[in-house]
Amino acid sequence: MPLWLEVLIKSVILLFVVVTSFAYAMLAERKILGWMQLRPGPNRVGPWGLLQPAADAAKLMLKEDLTPETADPLLYKLAPFISLLTAFSVYAIIPFGASASGQTWAIGNVNAGILLILAIGSLGVYGICLGGWASGSKYPLLGSVRSTAQMISYELAMSLSFVGVLILAGTTSLDGIVNAQARWWFVLPQFVGCMIYVITAVAETNRAPFDLVEAETELVAGFHTEYSGLRFGLFFIAEYVNMLTVSCIATLLFFGGWNAPLHLTFIPGVAWFVIKVACFMFFYMWLRATLPRLRYDRLMAFGWKILLPLATLNLVVTAIVVAYTG
Amino acid sequence: MASRKHLYNPGAILKGLSITFGFMFRKRPTIPYPSLKKQHSPRFHGLHELRRYADGKERCIGCELCSSVCPANAITVIGAENSPDDRRSPGERYAARYEIDELRCIFCGMCEEACPTDAIVLTPRFEMADYRRGSFIYDKDRLLVPPDAGVGMPPDDRPGGIPGDLGRVAEIKSTTDVDTGYSATWRGEILKTQHEGLAILKKPEAQE
Amino acid sequence: MIAFWVLAAMLIASAVWTIVAKKPVYSVVALLLNFATLAVLYVTLSAEFLAVIQIIVYSGAILVLFVFVIALLGSGVAPFPTGPNRLPKIWLPAGLFTLAAFGFLIYAVSNVKMAAAPATGAVGNANVFGSVADFGKALFTVQLLPFEATGLVLMVAVIGVITLGGEQMSDAEAQQSRMRADRAVREAILREGKG
């Protein structure tokens, strides 16, 4: 099979899987939020509301695609696609499992995998900040300015929390990192790093309690206030795909990827991967149902004065320990 | 420093998380409305109804007190003399036309308090949604209960209270209407679904 | 080779767009395209670490700050202010200078004896030229001095910015500010004691 055909087939399958998981992650979030607030959640479309994503998609597609008069038409139309593109392209290098012979299940295996994920993730902010700016009205602008500041601030601590793992694994390739966790998961030696990553990941994906970017009570809907119909849907997809991405990364870096815990190897590695990612997704929804939004200055202070020094300290301690114990 | 202590207190966050987690498994009070209907109290102020006596005669005597007391000007009554060979009501007069604009109505219940013969009462029915504004003007055809629909006791026979007393209006409501129920189809599907809902309600509580 | 020409054309086109764009935000978008193309070009040269860093640092951090500033300054959708067009008067000397510089560059490059091209492996292999491991080794052994010197230069720049941008306080003002801070702390302590 020629390489391009192989990549194409893999991409189509992966795209299908990711979009389906987005749809049901969204439904699961609404269900779980509902249960935590003593509501049943969506249950009208199909049995247990299982067809709700299809109904939502149909609704969004049929809505009118509005462009405000004050908007910059080109960037306004382009921004959702930037968001979606960066959200999806990360999946080109995320491995989901490995066959017995050590062949990784991924579209591409890049040596600098974790760095490439950081790079693509850092581009994700453009969709939000260009979209907010191009809307030509004040709430989206405020949302986009907030998102820029927030994502740059938390990206630093996030990158530093990666480095501890990289020092322990001695490689930047994702399957190398997972293989290095065959004995124990990095969440044990890198507990601080893991906590920092989980917190910064919530901030990077603009989820509650760090959803200052789309704070409904202050900014209407933040950067996507003016968007409607399918373009809003694209932002929506991008947000959930980003959630899936950070869950995948957390699984790969700190929770052993597709390694089975306690030698429960009769369940295939891919299933373990999916279970771990699902646990993370649940955790994010759980956080959203529990914690109130941070005030903006406290968000910044937390990022710069607590997380960043802590991440640096964690990095230095890890480096010293690894240097002395070999 | 107190604020900082609370802001970065992981114990408090964990406690909050445990509370929300616990709530996931609590019994949810939601009633899945269109499929399961809860009965309102008999004294609920819902859709109006014009009553009859046991002999089938209309209670309304066309006095227009309801119309004059109505704070929203929603009621129009045009009375007429009863003809000797076709007596609609026991009194001299009856309502030739009786219309309530349910879009204007504020469901305050003053009409039923004002009515000297307990002819107009507010029922617990509340599902009146429609697609046209015109269909919210309920005329006598839709307000008057059918002759075979069951009746309350005639006012004079009832024990205690003065006519128009709230307690007695509640009593007259509770004698007929939804609980004993009439399977009349004159108000169409609305009533039917309400009865189905009631049937479900009477079973042991089926929570979703 | 085809990839190179396509990428080179895109690079130049986006660079030109950066300059001629009427709105500042379009310039940023064009520059973003430029950086991304450059990163891809690095990948074709098997310098994957450099490519990734190019995106993380330039596209992910610096350009975002550009957008941030544009959004904050509220230049809005308004285009650059257009002054008298000075381009026609200087296009001849500028063009000549550019051509001369470019010619010199080509001459210099073609005359340098290139070392034999290092063994380039497929992207994704560790320990080959341009990989993360190779890059890191070079950075912390052979190139350590320039690396640290660059760090120092950047540090100086940061300190300079803080010094220039920080508020100048006279001694009296500093005294007052210290007193205010002391009073605030005392009040806070009193409140704590009561609460």
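User: Where is A:Leu38 found?
Analyst: A:Leu38 sits in the loop between α1 and α2 (52-62) of chain A. Helices (H or I, at least four residues) and strands (E, at least two) are DSSP runs, numbered from the N terminus. This is a predicted model, in which local features need pLDDT of at least 70 and side-chain atom pairs count only at pLDDT 80 or more, while totals for chains, interfaces and linings use all residues. Residues are numbered from 1 along each chain as its sequence is written, chains are lettered from A and ligands numbered from 1 in the order in which they are written, and side-chain values use heavy atoms, with hydrogens and water left out.

User: What phi does A:Leu38 have?
Analyst: A positive one of about 60°, although A:Leu38 is not a glycine. The residue comes just after α1(A).

User: Which residue of chain B has a positive phi although it is not a glycine?
Analyst: B:Glu64 does, with a phi of about 70°. B:Glu64 is in the loop between β1 (48-50) and α3 (65-69) of chain B.

User: How exposed is B:Glu64?
Analyst: B:Glu64 is partly exposed, with a relative accessible area of 33%. Buried means under 20% relative accessible area, exposed over 50%, and partly exposed in between (1.4 Å probe, protein chains only).

User: Staying with chain B, what order do the strands of the open sheet take?
Analyst: The three strands run in the order β2-β3-β5, and the pairing is antiparallel. Two strands pair if DSSP finds at least two bridges between them.

User: Which strands stand at the edges?
Analyst: β2 (75-81) and β5 (137-138) of chain B do. Each has a single partner strand, so one side of each is left without a neighbour in the sheet.

User: How many bridges join β2(B) to β3(B)?
Analyst: Seven bridges join β2(B) to β3(B). B:Glu81 has B:Arg93 in β3(B) as its bridge partner. Strand β3 (residues 93-101) of chain B is also joined to β5(B), by two bridges. There, B:Asp101 has B:Ile137 as its bridge partner.

User: And what does the rest of chain B look like?
Analyst: The secondary structure of chain B comes to eight helices and five strands. Of its 208 residues, 38% count as buried. Chain B exposes about 11900 Å², with carbon and sulfur atoms supplying 57% of that. Accessible areas come from the Shrake-Rupley method with a 1.4 Å probe, and for residues only the protein chains shown count as cover.

User: How many helices and strands does chain C have?
Analyst: Chain C has seven helices and zero strands. Buried residues make up 22% of its 195 residues. It exposes about 14400 Å², and carbon and sulfur atoms supply 74% of that area.

User: Where does α3(C) bend?
Analyst: α3(C) bends by about 25° at C:Leu63. The bend is the angle between axes fitted to the seven residues ending there and the seven starting there. The 26 residues of α3 (residues 48-73) of chain C should span 38 Å at 1.5 Å a residue, and the end C-alpha atoms are 36 Å apart, which agrees.

User: What does A:Tyr126 touch?
Analyst: Not counting residues up to four places away in sequence, A:Tyr126 touches residues including A:Ile82, C:Leu32 and C:Leu63. Contact means heavy atoms within 4.5 Å.

User: Last one: is A:Tyr154 buried or exposed?
Analyst: A:Tyr154 is buried, with a relative accessible area of 0%. A:Tyr154 lies in helix α5 (residues 138-169) of chain A. Leaving aside neighbours within four places in sequence, its contacts include A:Thr200, A:Phe210 and A:Leu307. The C-alpha atoms of A:Tyr154 and A:Trp304 are separated by 8.0 Å, although the two are 150 residues apart along the chain.

Conventions
The expected span of a helix is 1.5 Å times one less than its number of residues.
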